[in-house]
Amino acid sequence: MLVIGIAGGTGSGKTTVVRRIIESLPKDEVAVIPQDCYYRDNAHIPLEERLKMNYDEPASIEWTLLCSHLQSLKEGKTVEMPTYDFITCSRLKETVTLHPREVVVVEGILVLTDKPLRDMLDVKVFVDADADERLIRVISRDCIERGRTPQMVIDRYQETLKPMHELYIEPSKRYADLIIPQGGNNNVAIKLLTDYIRSLLSSSSER
């Protein structure tokens with residue numbers, strides 16, 4: 001099993017990179033673990049307080065559960081991945097069944113900030129993009145998918161996203177084996193990554 005970590009700022013194009021990896025490999029050969037599914041379960045906290053919480057710092061993620069699930073997949077076991085509702089900021093009762101695959105992609109803004117998780121990754125990727133481009137994507141996504149107004153997104157960006165990016169996410173770039181500038185628009189870098197993944201899988205199958 002090949003485990004790939006893909007990190008980068010909010011709106012940097014990580015989802016595009018993950019999609020291109022999936023498209024470049026045979027069907028059903030990739031399992032994806034979104035970091036966002038492992039936000040801590042804060043359902044016991046009133047909604048008004050949950051909406052004000054900082055979800056862009058490492059402490060907001062249940063890393064031990066994520067690493068446990070990843071280890072189980074590496075051992076050939078099936079896991080039940082939690083799901084998360086961004087509108088209510090709480091974990092849902094439903095889970096998603098993940099089966100072991102040849103390639104497992106762990107994707108999220110903070111993926112490279114956690115050392116135990118980093119140590120489980122075979123390939124570490126950081127998707128880089130200009131701050132203004134990321135903000136435009138975040139406004140578009142959060143207004144459509146998460147029911148927020150543009151002003152709400154801008155306020156959150158200034159108060160939380162930007163400072164947390166500078167404090168945690170940007171410094172984690174130094175752990176990356178590969179940095180993809182221009183985000184999901186960098187076709188050359190993404191092709192180099194997918195070709196490298198295929199070569200690793202080919203080498204593994206020949207042993």
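1. Asp85 has Ser90 of S4 as its bridge partner. The model is a predicted one, and the points that follow should be read as such.

2. S4 covers residues 90–98 and pairs with S3 in the antiparallel sense, over six bridges. Four residues lie between the two strands of this hairpin, where Cys89 takes a positive phi near 55°.

3. Pro82 is found in S3, which runs over residues 79–85. Pro82 has a relative accessible area of 7%, and is therefore buried, the cut-off being under 20%. Leaving aside neighbours within four places in sequence, Pro82 is in contact with Cys37, Tyr38, Leu65, His69, Arg91, Glu94 and Thr95. Arg174 lies 92 residues from Pro82 in sequence and 29 Å away in space, C-alpha to C-alpha.

4. The largest nonpolar core has 31 residues, of which Ile33, Leu70, Val106 and Leu117 touch the most other members. At least two residues of this core come from each of S1 (2–8), S2 (30–34), H3 (63–74), S3 and S5 (103–107). H3 gives the largest share, five residues.

5. A second, separate core holds 19 residues, among them Val17, Val18, Val103 and Val127.

Definitions and conventions. Residues numbered from 1 in each chain as written. Predicted model: local features only at pLDDT ≥ 70, side-chain atom pairs only at ≥ 80, totals over all residues. Heavy atoms only, no water. Buried < 20%, exposed > 50% of the residue type's maximum accessible area, 1.4 Å probe, protein only. Contact = heavy atoms within 4.5 Å. Core = buried A, V, L, I, M, F, W, Y, C linked by side-chain atoms within 4.5 Å. Pairing = 2+ DSSP bridges.
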